Amino acid sequence: MTSLAGIFSGLLFGFGLALSGMTDRNKVLGFLDIGGAWQPALVFVMGSAVLVTLIGFRTVRRMPRPVFDTRFHLPGRRNIDARLLLGAALFGIGWGLYGYCPGPALVSLLYGEPDTLLFIVAMLVGMFLSHKVVQP
Amino acid sequence: MTTEHWMATGGGLMIGAAAVLLMLGTGRIAGISGITWAAASLDGPVLWRWMFLIGLLGGAAAAHGIAGVPLPAPGPLDTPFALVGGLVVGLGVKLGNGCTSGHGVCGIGLLSPRSLAATLTFMASGVATVFVVRQILGIGLGSGP
């Protein structure tokens with residue numbers, strides 16, 4: 001049953017990514033290009049998504065447990081450390097270099113550009129290196 | 001608001017709803033970098049994660065193929081940027097425990113100070129990177145918007 005929740009959530013998420021413009025590298029790089037011809041449209045994506053999660057998560061977490069599992073699996077850590085900030089800074093650099101964050105990169109496999117596949121393979125290699133070297 | 005703004009808002013509402021649906025059903029965060037890593041490395045329960053990723057592509061295919069959302073124009077830049085960008089994204093999201101979805105959409109929705117700090121950081125470094133590439137090095141505007 002968790003798979004059913006997974007696939008429906010994925011379908012909705014993927015539709016939303018495609019509709020929102022997040023899979024369009026021109027728009028993403030234009031959004032990050034505050035010093036140039038800034039394209040603010042993607043502010044609406046993050047803004048409306050967070051509005052829904054702020055309200056939705058509050059409601060869902062009042063339940064004793066999720067529908068198809070015995071407990072909620074929420075990250076326990078609340079502290080802000082150097083590793084978090086370094087990781088986030090690196091992620092932003094990669095995002096700004098090519099215009100894909102992980103979700104839109106996966107979705108963009110549909111568009112058939114060979115470079116997208118290279119981006120994803122490189123991303124998996126990066127995750128593996130980070131896993132092996134920095135956090136053994 | 002332009003059509004583009006409405007599409008961004010509608011897409012964002014669906015992304016948020018997808019995250020709430022996953023929390024409701026499985027009690028888990030819809031963080032795509034974490035889901036991808038666990039699915040690829042077969043770490044923990046993987047079936048729902050693969051289903052989520054299959055759904056992700058299926059949902060986008062439906063948006064373009066059935067709902068008629070126009071396909072994005074090919075982006076600027078080329079293979080070296082894809083390779084380096086992908087590598088750095090992979091290093092960063094694993095080190096920082098999340099990306100735009102996990103920290104930006106879900107973590108802020110959970111009022112996590114870590115996620116807010118991470119989101120502000122990757123936004124700032126993304127803006128700085130585009131500034132350097134476009135405004136200082138003067139590259140990357142090839143296909144343009």
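Predicted model: local features only at pLDDT ≥ 70, side-chain atom pairs only at ≥ 80, totals over all residues.
Helices here are DSSP runs of at least four residues, numbered from the N terminus. The notes below look at each chain, then at the place where the two chains meet, and finally at a few single residues.

**Chain A at a glance**

- The C-alpha trace of chain A spans about 45 × 40 × 30 Å along its principal axes.
- Chain A has 136 residues, and 54% of them count as buried.
- If you take the contacts in chain A between residues at least 6 apart in sequence, 37% of them join residues at least 24 apart.

**A look at helix H4 of chain A**

- Helix H4 of chain A runs over residues 82-98, which makes 17 residues.
- From its first C-alpha to its last, H4(A) reaches 25 Å, close to the 24 Å expected at 1.5 Å a residue.
- Is H4(A) mostly covered or mostly open? It is mostly covered, with 13 of its 17 residues buried.

**Chain B at a glance**

- Along its principal axes, the C-alpha trace of chain B spans about 45 × 35 × 30 Å.
- Of the 145 residues in chain B, 57% count as buried.
- Among the contacts in chain B with a separation of 6 or more, 48% are between residues 24 or more positions apart.

**Packing inside chain B: H1 and H5**

- Helix H1 of chain B covers residues 3-26, and it packs against H5(B) at an angle of about 65°, with the two axes 11 Å apart.
- The crossing of H1(B) past H5(B) is right-handed.
- On the H1(B) side, the contact is made by B:Ile15, B:Gly16 and B:Ala19, while H5(B) brings B:Val105, B:Cys106 and B:Gly109.
- Sorted by class, this contact of H1(B) with H5(B) has four nonpolar residues, two polar ones and no charged ones.

**Where the two chains meet**

- How many residues of chain B are in contact with chain A? There are 105 of them, and they touch 102 residues of chain A.
- On the side of chain B that touches chain A, H1, H2, H3, H4, H5 and helix H6 (113-136) each supply at least two residues.
- H1(B) gives the largest share of that side, with 22 residues.
- By class, the residues on that side of chain B divide into 62 nonpolar, 36 polar and seven charged.
- One helix pair across the two chains is H1(A), residues 2-20, with H3(B): their axes come within 6 Å and cross at roughly 35°.
- H1(A) passes H3(B) in a right-handed crossing.
- The contact of H1(A) with H3(B) includes 21 nonpolar residues, ten polar residues and one charged residue.

- B:Ala17 touches A:Leu12 and A:Val52, leaving aside residues up to four places away in sequence.
- Why does B:Ala17 count as partly exposed? It has 19 C-beta neighbours inside 10 Å, and a residue needs 20 or more to be buried and 12 or fewer to be exposed.

**Two loop residues with positive phi**

- B:Leu42 sits in the loop between helix H2 (32-40) and helix H3 (47-65) of chain B.
- The phi of B:Leu42 is near 50°, a positive value in a residue other than glycine.
- B:Leu42 counts as exposed because it has 10 C-beta neighbours inside 10 Å.
- B:Asn97 is in the loop between helix H4 (79-95) and helix H5 (100-109) of chain B.
- B:Asn97 is not a glycine either, yet its phi is positive, at about 60°.
- B:Asn97 counts as buried because it has 22 C-beta neighbours inside 10 Å.

Methods. Residues numbered from 1 in each chain as written. Chains lettered and ligands numbered in written order. Contact = placed C-beta atoms within 7 Å. Axes fitted to C-alpha atoms, helices over the stretch in contact; angles between N-to-C directions. Left-handed = near helix turned anticlockwise from the far one by under 90°. Nonpolar A, V, L, I, M, F, W, Y, C, P; charged D, E, K, R; others polar. Expected span 1.5 Å × (residues − 1).
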